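Here are some exercises to work through with the model open beside you. Try each task before you read its solution.

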Amino acid sequence: MTLPVTAEAPATVDSARRAAAHIEASCLRDGPVGRVGLEIEAHCFDVADPGRRPGWAELTDVIATVGELPGGSAISVEPGGAVELSGPPLDGPVAAATAMLTDQAVLRAAFARAGYALVMLGADPVRQPQRVNPGSRYRAMETFFAASGTAAAGSAMMTSTASIQVNVEAGPRTGWAERIRLAHALGPVMVAIAANSPLLGGRFSGWRSSRQRIWGQLDSARCGPILGGRDGVRTPGGDWARYALRAPVMLVNGAGDRTAEPVTDWVPFADWADGRTALGGRRPTVADLEYHLTTLFPPVRPRGWLEIRYLDCVPDALWPAVVFTLVTLLDDPSAADIAAEATEPVSSAWSRAARDGLADRRLFTAANRCVRTAAERTPAPLLESMERLVRSVERGRCPADDFADLVVRRGIGDAVDRHGRGDW
């Protein structure tokens, strides 16, 4: 989060040690598990011209007609024009999914009336990367990625990818280390289950999850896992603090306003805090530190709660089951024990999961055990979605395989159109 600007002078972070102490004290919140928040992005396509990327004014004009959503979601626009719904934390995955589906229906209808379709894919299969959001944050990010030698991957990440983010409580303090370890270990299996981006920019990429491949091309200091697959958690807050202080500063807000200026040299936040480098002619404030944390994109990010950020966007018929599976494997103690054992052999197979999906036999085995475990606990409202997911996983198929087959049979344009209408 970005701290609000006040009339008082902001507190200065005058050493990396003080920065680490602040991060450790605030990154996780002790309490029970149970509440779930969802954030879902969808690519916006002009039905009459799928190769055209709708502009900022077009998108915001449609959003202005929507009004307050019944499930409480907030609407925002990603750098490339993907439309995101951010739902409030609710009691459990069923409540969160039900509210999100309701809000999606309202949003989709508003965009359809204006001639647009919202398409649930992990990567834009048709259009080249292009930023439409004019925010200074995103302009600064482009400059940073160009200076760091990852311009193409950075642009694709910002403007051509879409995900489902699942937010879960950190849980009781005594279980933080195991919970964070499991959230990471589940990553490759869940990436393989939800992989849904076999095309990028009009071409087959050779990967089931082009989205995950793009993230893998960015610098691991900012976008890599906080933990490796079998690495032990030393202390959850300490691990996150070390990661954050080693990561380079991406942008700095100007004094007295929120205009973001890019940092084009590689400056770890620790160097800024310790005074080895002065950015913006000053030492960092607590607000700068908090803002820096929002520019770090590991697959599991602590924000008081845990943000699970590694899922491709998948169609409405599947994502409730995917979400329920992930939350159940984290929040249900017996399911978590099974998941920890099942994922151990593939806990670091991020690239293999993104490239091969469930065609990899070890990922296939782990995925089937995990999904069956969740299926045994599925409540009635999600049974149809779960049955569909179970059938897909048992056949060793992920959504990317179905979309690729549709593209081969019908062409990219028709495949995108069918996904936009939910007819896939």
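A salt bridge here is a side-chain nitrogen of Lys or Arg within 4 Å of a carboxyl oxygen of Asp or Glu. Keep in mind that this is a predicted model.

**Exercise 1. Salt bridges**

Task: Find which residues are linked with Glu307 in a network of salt bridges, and decide whether Glu307 and Arg301 are buried or exposed.

Solution: 
- Step 1. Begin with the pair itself: the side chains of Glu307 and Arg301 form a salt bridge, at 2.7 Å from N to O.
- Step 2. Now widen the view. The network of salt bridges links Arg301, Arg303, Glu307 and Arg309.
- Step 3. Check the burial, for which the cut-off is under 20% relative accessible area. Glu307 has 3% relative accessibility, so it counts as buried. Arg301, at 6%, is therefore buried as well.
- Step 4. For context, the structure holds 30 salt bridges.

Task: Work out which parts of the chain the salt bridge between Arg131 and Glu142 ties together.

Solution: 
- Step 1. The side chains of Arg131 and Glu142 meet at 3.1 Å, N to O.
- Step 2. Arg131 sits in the loop between S5 and H4, while Glu142 belongs to helix H4, so the bridge ties together parts eleven residues apart in sequence.
- Step 3. Look at accessibility: Arg131 is partly exposed at 24%, and Glu142 is partly exposed at 29%.

**Exercise 2. A loop residue**

Task: Locate Gln130 and list what it touches beyond four places in sequence.

Solution: 
- Step 1. Gln130 lies in the loop between strand S5 (116–119) and helix H4 (136–147).
- Step 2. With 44% relative accessibility, Gln130 counts as partly exposed.
- Step 3. Leaving out residues up to four places away in sequence, Gln130 touches Arg53, Pro79, Gly80 and Thr159.
- Step 4. Take Pro79 from that list: Pro79 and Gln130 are 51 residues apart along the chain, yet their C-alpha atoms are separated by 8.2 Å.

**Exercise 3. An enclosed helix**

Task: Explain why helix H5 (residues 151–160) is described as largely enclosed by the rest of the structure.

Solution: 
- Step 1. Count the buried residues: seven of the ten in H5 are buried, so the helix is largely enclosed.
- Step 2. Name them: Ala153, Gly154, Ala156, Met157, Met158, Thr159 and Ser160.
- Step 3. See what surrounds them. These buried residues pack against strand S1 (35–46), H4, strand S7 (199–200) and helix H7 (210–217).

**Exercise 4. The nonpolar cores**

Task: Which residues touch the most other members of the largest nonpolar core?

Solution: 
- Step 1. This core has 106 residues, and those touching the most other members are Phe111, Val166, Leu186, Tyr310 and Trp319.
- Step 2. Helix H6 (residues 176–194) supplies the largest share, eleven residues.
- Step 3. A second, separate core has 18 residues, among them Met157, Ile214, Cys223 and Met250.

Notes:
Residues numbered from 1 in each chain as written. Predicted model: local features only at pLDDT ≥ 70, side-chain atom pairs only at ≥ 80, totals over all residues. Heavy atoms only, no water. Core = buried A, V, L, I, M, F, W, Y, C linked by side-chain atoms within 4.5 Å. Buried < 20%, exposed > 50% of the residue type's maximum accessible area, 1.4 Å probe, protein only. Helix = DSSP H or I, 4+ residues; strand = E, 2+ residues; numbered from the N terminus. Contact = heavy atoms within 4.5 Å.
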